[in-house]
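Here are some notes for a first look at this fold. Please keep the structure open while you read.

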Amino acid sequence: MNHYETVFILNPVLSEDQIKETVKKYEDFLVSRGAKMVAKEDWGLKKLAYPIQNKKSGFYHLFEYQVAGEVINPLEVEFRRDERFMRYLTVKLDKHAIAWAEKRRNRDKQKA
């Protein structure tokens with residue numbers, strides 16, 4: 001089981017219910033394939049650095065999870081097929097990145 005982090009940007013024209021439904025769909029997709037969700041973050045509506053599909057903002061979300069490597073390709077195929085996704089990035093975390101992510105999560109909990 002490898003440790004991964006996926007950040008994705010959803011289309012800003014989606015309603016709050018559609019966003020929750022989309023996030024839940026892909027969380028269930030990962031869990032059904034044996035993933036252990038470590039963290040989920042909703043970063044909210046953010047302005048983009050450059051327009052994507054003529055949109056200037058998007059809803060950012062982060063998943064941090066542990067899963068076998070062969071699950072990543074089917075996940076990204078689903079992202080490409082779904083028109084609600086504007087961009088996504090999946091990164092395999094090494095031990096230093098895992099430690100940094102845990103430190104960031106703890107810092108964010110203290111702020112809240």
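The points below cover the sheet, then the helices.

1. This is a predicted model. Its open sheet has 4 strands in the order β2-β3-β1-β4. The pairing is antiparallel. From one strand to the next, the twist averages 20°.

2. Which strands stand at the edges of the sheet? They are β2 (36-52) and β4 (85-92). Each has a single partner strand, so one side of each lacks a neighbour in the sheet.

3. Look next at β2 and β3 (residues 55-67). The two strands run antiparallel and are joined by 11 bridges. For a landmark, find K40, which stands opposite F63 in β3.

4. Helix α2 packs on the sheet. It touches β1 (2-10), β3 and β4. The direction of α2 makes about 165° with that of β4.

5. Helix α3 (residues 95-111) lies across β1, β2 and β3. Its direction runs at about 85° to β2.

6. Now the helix pair. Two packed helices are described by the angle between their axes and the distance between the axes. Here the axes of α1 (residues 16-32) and α2 (residues 72-81) come within 11 Å. They cross at roughly 160°. Angles over 145 degrees count as roughly antiparallel, so α1 is roughly antiparallel to α2. The crossing is right-handed.

7. Which residues make the contact between α1 and α2? From α1 come Y26, F29 and L30. From α2 come P74, L75, E78 and F79. By class, the contact of α1 with α2 has 6 nonpolar residues, no polar and 1 charged.

Definitions and conventions. Residues numbered from 1 in each chain as written. Predicted model: local features only at pLDDT ≥ 70, side-chain atom pairs only at ≥ 80, totals over all residues. Heavy atoms only, no water. Axes fitted to C-alpha atoms, helices over the stretch in contact; angles between N-to-C directions. Parallel < 35°, antiparallel > 145°, perpendicular 65-115°, else oblique. Left-handed = near helix turned anticlockwise from the far one by under 90°. Contact = heavy atoms within 4.5 Å. Nonpolar A, V, L, I, M, F, W, Y, C, P; charged D, E, K, R; others polar. Pairing = 2+ DSSP bridges.
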